Amino acid sequence: MTSIVVHVGITAVASALPEREVTTADLQERVAAASGLPLRAGMFARATGIDRRRVAADDEYASDLAVRAGRRVLARAGLDALDVDLLLFASATRDMVEPATAHVVQAALGSRAHALDVTNACNSFLNGIDLARSMIMAGRARRALVVTGETPSRAMRPRLDGLAQARTAMAGYTFGDAGAAVLVEPVETGGIVDVDSETHSEHWPVGGIFGGGSRHPRGDEHTYFTGDGRRLRGIFEKIGIGLLERVAYRTGLGWDDYAKVLVHQVTVPYLRRFIEVAGVPADKLEVTVAELGNLASATLGVQLARVRDQLRPGDRVLLVGLGGGVSLMTMVWEVSS
């Protein structure tokens, strides 16, 4: 009989960034030149608050970033890839439509785990951690490696047909590339102590990359991110605070009870608005968006890797995910002793 697992937590975390760095000023200059448009100096930077971001090389794929982060997290835990029996590639980006990118990652790592993709826009990585936890608690896995590799910079529109198109394309100019990985397994104390989510799927057309599936299987036009960033922000503001209030009510935890609050970051103005509306103390955040851009689902993984060495047993971290579709998600993780 399979024993019941009570505590499941994150036992190691790592991230990976491409070497190439592109400033927002250089990005705007390239788009303006390709478009033949007189874009106002600093237009992209003012709209996003993003100064620079990392961009994958032409021969560097989502799986490469995931593999790099995966190798680092296994090394930090002193484990071999064969010690993992569940591998989830949890990302908004994939190498290809078929097969699952998890198999590309697994082949590179040398694992033989049950491998599959988990995709839910910018909440993919958080969903992957939750799925890994659930499978371990159900006795379907013992140790899971959850990886993400995001290359959303390839969904940036390289040229604009006119200034009107800049509004729907601007969200794409926030993107940066990154990878992240975590190990999820049973722990003696703490672990992931609370998970909540809220989905409002009626808003799915507001933003996304609509190509590559059965609706738009071919052609470049639908491979670029298109969306109304202002509408998306309004939707998240309207429905997000209720989710945070539920977590506080259910757990009895307030901002002072968290060592860190990690939140998906799209732009600097968006993050400032989150601080204002949610009331979270700014010093609880790990701000990455100004120097790395919007990393899609890798955002929380990169932030977690940055703060991990500051955390001590018993410290709690609140992770807040926002994803197109739209979905919101929270996860409370307590560092195990």
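Author: Start with one side chain. R54 is partly exposed, with a relative accessibility of 23%. The model is predicted.

Reader: Where does the label for R54 come from?

Author: From two cut-offs. Buried means under 20% relative accessible area, and exposed means over 50%. R54 has 23%, so it counts as partly exposed.

Reader: Which residue forms a salt bridge with R54?

Author: The general idea first. Side chains of opposite charge can pair when their charged atoms come close. Here the partner of R54 is E21, and the closest N and O atoms are 3.8 Å apart. The bridge links distant parts of the chain: E21 belongs to strand 2 (residues 21-23) and R54 to strand 3 (residues 52-54), 33 residues apart. E21 is partly exposed too, at 44% relative accessible area.

Reader: How many salt bridges are there by this rule?

Author: The count comes to 16. Among them is the one between E60 and R68, at 2.6 Å from N to O. E60 has 11% relative accessibility, so it is buried. R68 has 26% and counts as partly exposed.

Reader: What about R159 and D161?

Author: Their side chains also meet in a salt bridge, 2.8 Å from N to O. R159 is partly exposed at 39%. D161 is exposed, with a relative accessible area of 57%.

Reader: Which residues are linked in a network of salt bridges?

Author: D194, D196, E198, R246 and R250 are linked in this way.

Reader: Now the rings. How many aromatic pairs does the structure hold?

Author: A pair of aromatic rings is described by the distance of the centres and the angle of the planes. This structure holds three aromatic pairs. One of them joins F44 and Y173: the ring centres are 4.6 Å apart and the planes lie at 20 degrees, so the pair is stacked.

Reader: Are F44 and Y173 buried or exposed?

Author: F44 is buried, and Y173 is buried as well.

Reader: What kind of aromatic pair do W204 and F210 form?

Author: An edge-to-face pair, with 6.3 Å centre to centre and 75 degrees between the planes. W204 is partly exposed, at 42% relative accessible area. F210 is partly exposed, at 30%.

Reader: Next, a helix. How far does helix 5 reach from its first C-alpha to its last?

Author: The reach can be set against an expected value. Helix 5 (residues 124-137) has 14 residues and reaches 20 Å, close to the 20 Å expected at 1.5 Å a residue. Helix 5 is mostly covered, with 10 of its 14 residues buried. The buried residues include F125, L126, I129, M135 and I136. D130 and R133 are also among them.

Reader: Which residue with a positive phi follows helix 5?

Author: G139 follows, with phi near 80 degrees.

Reader: Loops next. Where is A113 found?

Author: A113 is in the loop between helix 4 (101-109) and strand 5 (114-118). Its relative accessible area is 10%, so A113 is buried. A113 and A141 are 28 residues apart in sequence, and their C-alpha atoms are 9.4 Å apart in space.

Reader: Step back to the whole chain. How many helices and strands are there?

Author: The chain has 10 helices and 13 strands. Its radius of gyration is 19 Å, close to the 20 Å that the globule rule gives for 337 residues, so the chain is as compact as a globular protein of that length. The C-alpha trace spans about 65 × 45 × 35 Å along its principal axes.

Reader: What share of the 337 residues counts as buried?

Author: The buried share is 53%. The chain exposes about 15000 Å², and carbon and sulfur atoms supply 50% of that area.

Reader: And what share of the contacts comes from residues 24 or more positions apart?

Author: Among contacts with a separation of 6 or more, such residues account for 78%.

Key: Residues are numbered from 1 along each chain as its sequence is written. This is a predicted model: local features need pLDDT of at least 70, side-chain atom pairs count only at pLDDT 80 or more; totals for chains, interfaces and linings use all residues. Side-chain values use heavy atoms; hydrogens and water are left out. Rings of Phe, Tyr and Trp (its six-membered ring) pair if their centres lie within 6.5 Å; planes under 30 degrees apart count as stacked, over 60 as edge-to-face and the rest as tilted. Buried means under 20% relative accessible area, exposed over 50%, partly exposed in between (1.4 Å probe, protein chains only). Helices (H or I, at least four residues) and strands (E, at least two) are DSSP runs, numbered from the N terminus. The expected span of a helix is 1.5 Å times one less than its number of residues. The radius of gyration is taken over C-alpha atoms; the globule rule is 2.2 Å times the number of residues to the power 0.38. Contact means heavy atoms within 4.5 Å. Accessible areas come from the Shrake-Rupley method with a 1.4 Å probe; for residues, only the protein chains shown count as cover. A salt bridge is a side-chain nitrogen of Lys or Arg within 4 Å of a carboxyl oxygen of Asp or Glu.
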